[in-house]
Amino acid sequence: MWLKPEEVLLKNALKLWLMERSNDYFVLQRRRGYVEEGGGGLTGLLVGTLDSVLDSTAKVAPFRILHQTPDSQVYLSIACGANREEITKHWDWLEQNIMKTLSVFDSNEDITHFVQGKIRGLIAEEGRHSFAKEDDPEKFREALLKFGKCFGLPEQEKLVTYYSCSYWKGRVPCQGWLYLSTNFLSFYSFLLGSEIKLIISWDAVSKLEKTSNVLLTESIHVCSQGENHYFSMFLHINETYLLMEQLANYAIKRLFDKETFANDPILDDPLQITKRGLENRAHSEQFSAFFRLPKEETLKEVHECFLWVPFSHFNTHGKMCVSENYVCFASHDGNLCSVIIPLREVVAIDKTNDSSKSVIISIKGKTAFRFSEVKDFEQLVAKLRLKCGAASTQCHDISTEVPISSDSTDPSDNTELKEKMKEQSWNILFAECGRGVSMFRTKKTRDLVIRGIPEALRGELWMLFSGAVNDMAANPGYYAELVEQSLGTCNLATEEIERDLCRSLPEHPAFQNDTGISSLRRVLTAYAYKNPKIGYCQAMNILTSVLLLYAKEEEAFWLLVAVCERMLPDYFNRRIIGALVDQAVFEELIRDHLPQLTEHMTDMTFFSSVSLSWFLTLFISVLPIESAVNVVDCFFYDGIKAILQLGLAILDYNLDRLLTCKDDAEAVTALNRFFDSVTNKDSPLPSSVRQSSNVSGEKGNYIRVDITDLIRESNEKYGNIRYEEIHSMRCRSRLYVIQTLEETTKQNVVRVVSQDVNLSLHELNELYVLFKKELFFSYYWCLSCPVLKYHDPSLPYLEQYQIDCQQFRMLYQLLSPWAHAANKDSLALWTFRLLDENCDCLINFKDFSSAIDTMYNGSFIDKLKLLFKLHIPPAYTEVKCKDPSKGDELSKEELLYFSQLHVSKPPNVKKVASLKNSPEKGKGKVDIQAYLSQWEDELSKKEENIKDLPRMNQSQFIQFSKTLYNLFHGDPEEESLYQAIAFVTSLLLRMEEVGRKLHSPTASAKEFSGTVCASGGPSEGKTESHLKKDPSSLREEPQWSFAFEQILASLLNEPALVRFFEKPVDVKVKLENAKTSQLSCRTKI
């Protein structure tokens, strides 16, 4: 590798380097203590330790080339090499291209300048594409060299960054280097001959957290596959931890949410990922989440500045954040003041001429925002003016439609007065802070939200606080188009929607007529059409019903979009991962804030089971409707933070009762009675709509609790929980939840498969890990492989992970006891074709484990039957390698081509197969009868009778014999095995010859016809007509064939052959070897 020329003092360097070659201008040196055969003695250990600790390039590059300036002790290092071949290549290039040119220079200074310029040019050309985005390209090149040499990962593995740190092995810290790449966390240390090399794939990480204890003041704890790893002594531990968190979640998302991930062109290509890019992405995500902006918004600039707050008459210090379509501001105390300015609302952008460096942004409605002390304010004004010129000035038409519940209120005089007072308070706020998307959001705004938003303003403010108003403004007419396109569609989602329509707030008058039901149907169907990945999930109907009570139909649709896709991500899908993640966050908060409750409860999963409906329906399903809408108010303003705070307040309020409960059922009853006692004394809803019950005398202990007081208490006690803390806890919990779900999948698959194989549960677990890892390797480095399907958790457990022929070959070579055969690629291909019964070029774990089990634990007959079936259709196909020099080795393209060649089947067989393989037909409807038929076939499937196997023809038998010869190669009884198979082959041929002589020519022809038919050749009728046309064909010697019974009987008479196939295989050792070599085998490819 060429290095940026740096000065080296040769006098001191001679203590650590030995000279191997030299000329007038260059010196080639070898690191002292480095011996190519390994070892190096004490000197090698000391030098190696020094290199590792000091991060010397020599640790992985024991050779180097120096440029020497004549008559000087100063030399310049210009190249290094990991081995003699690499450094010799550089040396030869210098002699051929540089040496002749240097002789024309007159001065030594000119020679040095020329060499430096030439080497820098080579480095620039070499790293033009790879390292341009890195902060220090030269150091990164050196780190990349070490990363590649230490861990031997494929070239496609992208190194993101690296850190110096200590890895704790027991109680001993080992100083070394931590390398973070797109798919792996890797650590390397070399101290006094003790080498530590650690490689952990991000998708295997179940816990990632910052910890501290007596020994470690601050460290990063990584848990992978039950093993704990601790890293400490970082220079910037927070930066390191956040980057590790991002990479872990990035890997989880790529492997388990591939469809969404593929829509992101940057993350979908690992070679585009850099440390700076990940940091920018994290800032953009935090920016869009905090201000509730569309996910597409990217943070472009951040400026420290002051914003003039007119109603308070002071400048508040904070940050101005600029994206493609918005200018936002948040004070350093986020609760003090924040503003969102859509560029579509901007009418003018000006700057002041004084020293205040001010930017003035004027919007529609005669409102202006003044930002002062803005660095580079002139350039900012120019950029914003350019953006505003490109921004759309279309104003979305205001619909005259009204919420469907507008005529359902009949309040008493007292509640009507309170409602008017609330509206008056908000009107005063609007007068001070402005109204609409660009209003100032202050502490007073939060206080009014906690008191409850007035009925008349609820829809408007929900749209504003959720950010749905921006989505609707950016997509005028989109909802009407969706309604028209989704009209009349019939699928599983629409059927579920129809079933749940009448269950959505059935006691509310708004949903007791066709108007309300029709609106609910249109909103849910339109959303299912827009986002088929989510479609429709239970709880969406309840949430949408409440949205329709206060918002217009189109607004309710955009509110639903905001909730499902931004505010509660991954909540409404089949695995409700988002809800499970937030429940894990809730449990962590309970441990932190209510430790006495944690000590009392023996099982924390109680809180998960009881709180699931709280999160999925925002308390709508457990609280009376008049109280639940106040919770929804807070949710749209504060996000999930409001739900977590309220959950803690509810448990705190009932703490004494819960501590006296003896079991979970009693605790659930106590909480349900509490929810019944929650009221909203300020609600203007009529009594016919209200759901709160009158607390009877039997429930005297449960006094009425006003929802406003409960929410206020939750803010006072738990309002110090920060958004950043919740985001970090969500990231940590997501890893744990995903790994828990994956472990459940593995247990279910292993339990099903264990009934059909002789492998132990432990062996099946190990085999499953290898199977899944091989699939993941393809996701890592073979992104464009068309046959690989995205992970779909909605599929049955066995079908969630399937491998293609290339991946099967890798596993076959790692695990099969027959992988030493010369034609191992052909054997792997035929085995895959045999297992791929539905001809989709994919097999699942059950298919894979059945074949491995036969090779490991099958009897002599089972193994022989497997080999026999591999050499007859549909498994067998003639394999011809394009490159004869490679022998029997097949390229990836050849392997995939041969795996897709299938023997044609009769039409009726095809029809049955297609029925079995597609239980889903029509528009999303599931054909239950097809599933039942398939299940019945599997239950009635009997052990295959050897008499049912077709006969093996001449060419197939010849290949079968070659395979046996290949299998015997290298065996201790190789000679006797060869003699045995030669005897058996000769015996079978003689038997067939005798059999043919006993029959007349006509009989032989008929037998030949039957044999050809059995092996997939022409039918008997066609053969007879051919014989009539060409009588001379009778004199031709017909092909011979063998039945499995003949081959079996002959082989059973040879003890050496029986011993070979019944020889036990040490499965444990085989699996261990496969685990340690799986990654290195991939690297070689």
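Author: Happy to start with helix length: the expected span of a helix is 1.5 Å times one less than its number of residues. Keep in mind that this is a predicted model.

Reader: Thanks! How many residues does helix α28 have, and how far does it reach from its first C-alpha to its last?

Author: Helix α28, residues 707–718, has 12 residues and reaches 16 Å, close to the expected 16 Å.

Reader: Which residues of α28 are buried?

Author: An α-helix has 3.6 residues a turn, so residues three or four places apart point the same way. In α28, the buried residues are I707, T708, L710, I711, S714, N715 and Y718. Looking down the axis of α28, you find them within an arc of 165°, so they line one face of the helix.

Reader: Nice. Now to helix pairs: at what angle do α14 and α19 cross?

Author: For a pair like this, look at the axes, then at the residues that touch. The axes of α14 (residues 455–466) and α19 (residues 540–550) cross at roughly 120° and come within 8 Å. On the α14 side you will find E455, R458, G459 and W462, which meet V546, L547 and Y550 of α19. Four residues of this contact are nonpolar, one is polar and two are charged.

Reader: And the sheet: what is the order of its seven strands?

Author: Read across the strands: β9-β8-β7-β6-β12-β11-β10, an open sheet with antiparallel pairing. β9 (194–201) and β10 (205–211) are the edge strands, each pairing on one side only. From one strand to the next, the twist averages 30°.

Reader: Which residue of β12 is the bridge partner of Y167?

Author: That is F231. Strands β6 (residues 159–169) and β12 (residues 227–232) pair in the antiparallel sense over two bridges.

Conventions. Residues numbered from 1 in each chain as written. Predicted model: local features only at pLDDT ≥ 70, side-chain atom pairs only at ≥ 80, totals over all residues. Heavy atoms only, no water. Pairing = 2+ DSSP bridges. Helix = DSSP H or I, 4+ residues; strand = E, 2+ residues; numbered from the N terminus. Axes fitted to C-alpha atoms, helices over the stretch in contact; angles between N-to-C directions. Contact = heavy atoms within 4.5 Å. Nonpolar A, V, L, I, M, F, W, Y, C, P; charged D, E, K, R; others polar. Buried < 20%, exposed > 50% of the residue type's maximum accessible area, 1.4 Å probe, protein only. Arc of directions from axis to C-beta.
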